[in-house]
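Good morning, everyone. Please look at the screen while I walk you through one protein.

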Amino acid sequence: VQLQASGGGLVQAGGSLRLSCAASGRTFSSYNMGWFRQAPGKEREFVARISWNSGNIYYADSVKGRCSISRDNAKNTVYLQMNSLKPENTADYYCAAGRWGFTNPGSYDSWGQGTQVTVSS
């Protein structure tokens, strides 16, 4: 599956953004999907994950209560709604698809190109 992330941009602290990740192929609905982020000079870190049927959703502790992951299998798209953004949330955000796909980046098979999120103070 090929992934294309979008929706990043510049936002003030306290603002919101909705990231989207569009997938190609007819097998999207069989993949677990995840969002990760990578700030300059830091390792890629897990943000959120949603199972193939939206039945299991998991968030990193750092984003609980401020992020919401969802998917629309009819549109081959996964979303990440981010609220109350902070400057430390500035990073490139990546979507990923995996048959296993949980919190470990190695459990994902395909990655999108990343969309940049910049939060100004």
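I will go from the overall fold to single residues.

First, the ground rules. This is a predicted model, where local features need pLDDT of at least 70, side-chain atom pairs count only at pLDDT 80 or more, and totals for chains, interfaces and linings use all residues. Residues are numbered from 1 along each chain as its sequence is written, and side-chain values use heavy atoms, with hydrogens and water left out.

Now the fold. How many helices and strands are there in the protein? Zero helices and eleven strands. Both come from DSSP runs, numbered from the N terminus: helices are H or I with at least four residues, strands are E with at least two.

Next, the overall dimensions. The C-alpha trace spans about 40 × 25 × 25 Å along its principal axes.

What about the surface? The protein exposes about 6200 Å², and carbon and sulfur atoms supply 46% of it. The areas come from the Shrake-Rupley method with a 1.4 Å probe; for residues, only the protein chains shown count as cover. Of the 121 residues, 45% are buried. Buried means under 20% relative accessible area, exposed means over 50%, and partly exposed is in between (1.4 Å probe, protein chains only).

Now contacts, meaning heavy atoms within 4.5 Å.

Let's go inside. The largest nonpolar core has 34 residues. A nonpolar core is a set of buried Ala, Val, Leu, Ile, Met, Phe, Trp, Tyr and Cys residues joined through side-chain atoms within 4.5 Å. Those with the most contacts inside this core are M33, W35, I69, V78, L80, M82 and Y93. Strands β1, β3, β4, β5, β7, β8, β9 and β11 each supply at least two of the core residues. Which strand gives the most to this core? That is β9, with five residues.

Stay with M82 for a moment. Not counting residues up to four places away in sequence, M82 touches G15, S16, L17, L19, R66, C67, Y93 and V117.

On to the cysteines. A disulfide is a pair of cysteine sulfur atoms within 2.5 Å. The count here comes to one. C21 is joined to C95, with 2.1 Å from S to S. The link is right-handed, with 65 degrees about the S-S bond. C21 lies in β3 and C95 in β9, so the pair ties together parts that are 74 residues apart in sequence. Both C21 and C95 are buried.

C67 still counts as buried, at 11% relative accessibility.

Next, two residues with polar contacts. A polar contact is a pair of N or O atoms within 3.5 Å; within protein, one must be able to donate a hydrogen and the other to accept it, and residues adjacent in sequence count only if both atoms are side-chain atoms.

T115 is found in strand β11. Its relative accessibility is 10%, so T115 counts as buried. The T115 side chain reaches the backbone nitrogen of G8 at 3.0 Å. Beyond four places in sequence, T115 has contacts that include A5, L19 and Y93.

S110 is found in strand β10. S110 is buried too, at 14%. Its side chain reaches the backbone oxygen of V1 at 3.1 Å. C95, from the disulfide, is among the residues in contact with S110.

Last, the loops. Most residues other than glycine have a negative phi. S54 has a positive phi, near 65 degrees. S54 is in the loop between β5 and β6, and is partly exposed at 33%. S84 also has a positive phi, about 50 degrees. S84 is in the loop between β8 and β9, and is partly exposed at 40%.

Finally, K75. Buried or exposed? K75 counts as exposed, at 56% relative accessibility. K75 lies in the loop between β7 and β8.
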